[in-house]
Amino acid sequence: MRAVEVLRRPWTAWAVLGLVALGGAVVALQPAARGPGVVLAPAVAAALVLAGVALHRPAGARVWLVQAGVLAALPLGQVLDAGALLALRAASDGVTHAVAAAVVVLLAVRTGRRAGRPDALEVGVTVGVLGLAAAQAAVLLATWSPTARAALMASTDVVLLASVLRMALTRRDARSVASWCCVAAACALLLHDVLRLVGGGPGAEGDVAGGGAGAAALVVGLGLLGAAQLHPSARRLLDAEHMAPAGRRSTVVLGLLPLVLVPVGLRVVDLALGGTGLPTWAHLVVGTGAAAAGVLRSWAALRSSEHLADHDPLTDLPNRRALARAHAEGPGGDGWALLLVDLDDFKDVNDAHGHDVGDLLLLGVRDRLLAAVGERGVVARFGGDEFAVLVRPGAQDDVAEAVVTGLRRPLDVGDLVLRTSASVGLAPPAPGTSLAEQLTRADVALYAAKAAGRDAVRTYHPDQRAEVQQRYALSSQVRALLAGRSPSVGRLEVHFQPLVELATGEVVGAEALVRWRHPEHGLLAPDAFLGHVATSGLDAELDAAVLVDVLEQLGRWRDQRRRALPVSVNLTRTSLLDTTLPGRVREALARAGVPGSQLHLEITEHEPLPDDERLLEVLRGLRALGAGVHLDDYGRGYTSLDYLQRFPVQVLKIDRSVVVGAGAGGARLVAGLVAMARTLRLDLLAEGVETPEQRRRLVDQGVRYGQGWLFSPALPAAEYADRVLGPAAAPAPPPDVPAPRLPLGDAVVRPRPEVPSVDAGGDVRRAEAPRG
């Protein structure tokens with residue numbers, strides 16, 4: 001029942017009025033010896049709890065309202081204990097204990113409801129402890145007396161304190177101000193009841209003294225209960241999120257600690273009563289059982305922590321630490337061989353489908369690796385998509401081939417079927433070699449496998465180290481190149497490859513292709529450094545540098561009054577997912593003074609693009625600037641008709657692999673693409689046209705545009721401008737701008753100054769200038 005619904009009931013208002021009336025009656029009937037704080041504190045605390053419920057409308061309103069009922073019963077017991085009404089005190093205490101027990105039960109039920117599947121060990125300890133408390137309560141009820149009543153209240157406080165403390169220690173985010181106020185209040189009330197018990201039970205002089213320790217403990221405890229409900233953190237103290245288990249390994253032990261303390265507290269209460277309750281062995285058996293359960297749970301938690309320290313949390317495979325131990329133990333003989341397995345394009349899966357799908361894919365890869373290795377080695381995961389396999393000597397070649405072959409098969413991941421492949425670096429067995437050295441060798445071989453085109457196995461050879469070191473040096477130089485920190489690493493150059501109309505050979509545009517003018521290695525083609533750019537996460541920086549360079553070059557050609565032809569610039573997925581790209585392109589176009597129609601942007605089709613609203617927003621923003629959108633490398637990798645439906649594409653660029661296959665039985669594929677392009681109203685451009693025969697066949701099949709070495713390689717900017725755009729025109733003469741004239745209505749009429757004139761006789765005379 002929600003708190004707001006409870007508060008709207010008519011009886012809620014009557015309850016509040018009743019508490020006020022009860023407080024007045026207590027003040028009127030209390031003995032002179034009894035301090036007013038001891039009597040009024042429960043009523044005030046109950047009113048504060050109800051006020052907190054009305055103010056914050058917390059979850060679990062029933063628990064708070066039942067607690068208010070407990071507090072409301074306490075002043076009634078104080079009044080009935082005034083002397084003449086002692087016969088009714090038993091009924092008052094019975095109601096108080098019953099309502100307090102209801103609070104314990106409600107807390108236990110609410111905690112268990114959020115805990116999921118219950119733990120058998122914890123349930124057994126809970127049942128044993130509560131059974132002991134119930135048995136002690138039954139004995140105390142059977143021997144009803146003022147001292148027994150005090151002992152019963154103290155026993156109830158012990159169980160209530162354990163329940164609240166357990167909730168504070170084991171529930172998720174339950175360690176709030178309100179939670180710890182409840183714990184402190186339970187401690188104070190327990191102290192109050194124990195002092196009552198030691199002082200001789202209800203009615204004892206030490207208990208009722210307004211300035212006594214028992215009275216102070218009661219007032220403080222009740223005040224803390226009211227403060228707990230008034231604090232804003234009480235709003236979420238019992239909601240679903242906070243009542244869920246914390247999920248930390250330490251809580252499995254902390255959850256049993258309050259239950260272990262209950263038998264001890266009950267025994268202390270029994271001893272304070274004089275030992276007339278349950279026999280000692282009952283407390284000893286339950287307490288020993290709870291302690292043994294705590295020790296068992298601690299041992300299990302320690303074992304679990306040790307397992308997690310040696311295993312990957314996702315795949316449960318050994319981690320680097322466990323692999324080092326297995327390597328140190330060794331198979332004997334020539335030692336272990338080591339495979340380093342790295343999934344190809346795993347980042348693309350995470351970007352396109354999310355990390356949950358990526359985790360499921362890793363679990364499938366784990367199963368494939370275990371099946372391929374079998375009893376011949378140990379499979380471990382180092383993190384991300386990198387796995388390591390220790391293989392017994394002599395079996396490494398077979399295991400490596402089985403790994404690559406097994407990972408080539410598509411994997412079913414939920415509703416998806418994902419194609420995977422892996423690159424494998426193999427370090428052969430080397431007696432006396434440390435695991436660190438084996439990993440270095442396998443990493444060098446893995447780098448060679450990646451450079452060879454991926455989906456392959458490469459065995460370590462010492463000559464590979466020099467190549468890898470050179471590649472690592474090149475990667476650091478790429479960072480310096482794009483950051484502009486060191487001119488000694490060279491510079492980027494943009495070359496332009498003409499795009500032509502196949503039938504006529506007329507140039508209709510160009511594609512911008514980046515080159516690296518290296519001080520030692522000369523002019524490097526993109527394949528020599530784009531891989532380093534991708535692995536270094538510098539794709540967006542390179543895209544931005546090329547885009548600015550192209551637009552500045554177009555601006556210079558415009559100033560030279562050369563022929564205006566559009567230029568295509570490749571964009572990677574990282575740039576396309578940046579929502580600030582259209583704004584930056586708009587600013588660059590404005591600075592260069594170039595219309596958006598002269599800029600075409602190419603999406604690399606072989607990279608998987610996510611079904612993301614950000615991507616569509618970026619492409620629409622670019623189209624709004626007048627820029628064209630081309631789909632590059634169509635027919636290679638992730639060919640998808642969905643791209644043509646989702647993206648505002650104008651030109652479909654056929655990959656060179658399809659163009660080469662057009663003369664070897666691929667004519668039907670090209671014809672199908674032509675028919676599709678006509679239906680979707682797209683232009684087709686064929687890449688990699690190198691022979692007149694390819695050009696003729698593409699023209700016959702209806703492909704309109706093309707590019708390739710048959711027409712021209714990529715040219716430096718100056719050569720492209722001279723050969724394609726024509727010579728720069730002479731600067732235009734400055735325009736003949738007439739002197740500005742003011743409109744007649746805006747002219748200011750001023751007196752014309754007198755000018756001297758000469759008459760016929762040669763005398764000078766002054767004449768007034770005409771007006772008007």
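Visitor: In which order do the five strands of the open sheet stand?
Guide: Happy to start there, and please keep in mind that this is a predicted model. The sheet is open, its five strands pair in a mixed way, and their order is β2-β3-β1-β6-β7.

Visitor: Which strands stand at the edges of that sheet, each with a single partner strand?
Guide: A strand with a single partner has one side left without a neighbour in the sheet, so we look for strands of that kind. They are β2 (377–383) and β7 (457–459).

Visitor: By how many degrees are neighbouring strands of this sheet turned against each other on average?
Guide: Direction is ignored for this value.

Visitor: What is the bridge partner of alanine 380 in β3?
Guide: Strand β3 covers residues 386–391, and six bridges link it to β2 in the antiparallel sense. Within β3, the residue that pairs with alanine 380 is alanine 388.

Visitor: Which helix packs on the sheet, touching β2 and β3?
Guide: Look for a helix whose direction makes about 150° with that of β2. The one that packs there and touches both strands is α15.

Visitor: Are α15 and α19 roughly parallel or roughly perpendicular to each other?
Guide: Helix α15 spans residues 320–329 and helix α19 residues 435–451; they pack at an angle of about 110°, with axes 10 Å apart. Angles of 65 to 115 degrees count as roughly perpendicular. The two helices are therefore roughly perpendicular.

Visitor: How many residues of the contact of α15 with α19 are nonpolar?
Guide: From α15 come Arg320, Leu323, Ala324 and His327, and they meet Leu435, Gln438 and Leu439 of α19. Of the residues in this contact, two are polar, one is charged, and the nonpolar ones number four.

Visitor: Why is strand β11 largely enclosed by the rest of the structure?
Guide: β11 runs parallel to strand β9 (residues 507–518), joined by two bridges, and also parallel to strand β12 (residues 599–604), joined by five. Among the paired residues, alanine 510 has valine 567 of β11 as its partner, and leucine 571 stands opposite isoleucine 603 in β12. β11 (residues 567–571) is largely enclosed because its buried residues number four of the five.

Visitor: How far apart are the end C-alpha atoms of helix α13?
Guide: Helix α13 (residues 257–273) has 17 residues, and its buried ones include Pro258, Arg267 and Asp270. At 1.5 Å a residue the helix should span 24 Å, which agrees with the distance in the model, 25 Å.

Definitions and conventions. Residues are numbered from 1 along each chain as its sequence is written. This is a predicted model: local features need pLDDT of at least 70, side-chain atom pairs count only at pLDDT 80 or more; totals for chains, interfaces and linings use all residues. Side-chain values use heavy atoms; hydrogens and water are left out. Axes are lines fitted to C-alpha atoms, for helices over the stretch in contact, and angles run from 0 to 180 degrees between N-to-C directions. Angles under 35 degrees count as roughly parallel, over 145 as roughly antiparallel, 65 to 115 as roughly perpendicular and the rest as oblique. Contact means heavy atoms within 4.5 Å. Ala, Val, Leu, Ile, Met, Phe, Trp, Tyr, Cys and Pro count as nonpolar, Asp, Glu, Lys and Arg as charged, and the others, Gly among them, as polar. Buried means under 20% relative accessible area, exposed over 50%, partly exposed in between (1.4 Å probe, protein chains only). Two strands pair if DSSP finds at least two bridges between them. The expected span of a helix is 1.5 Å times one less than its number of residues.
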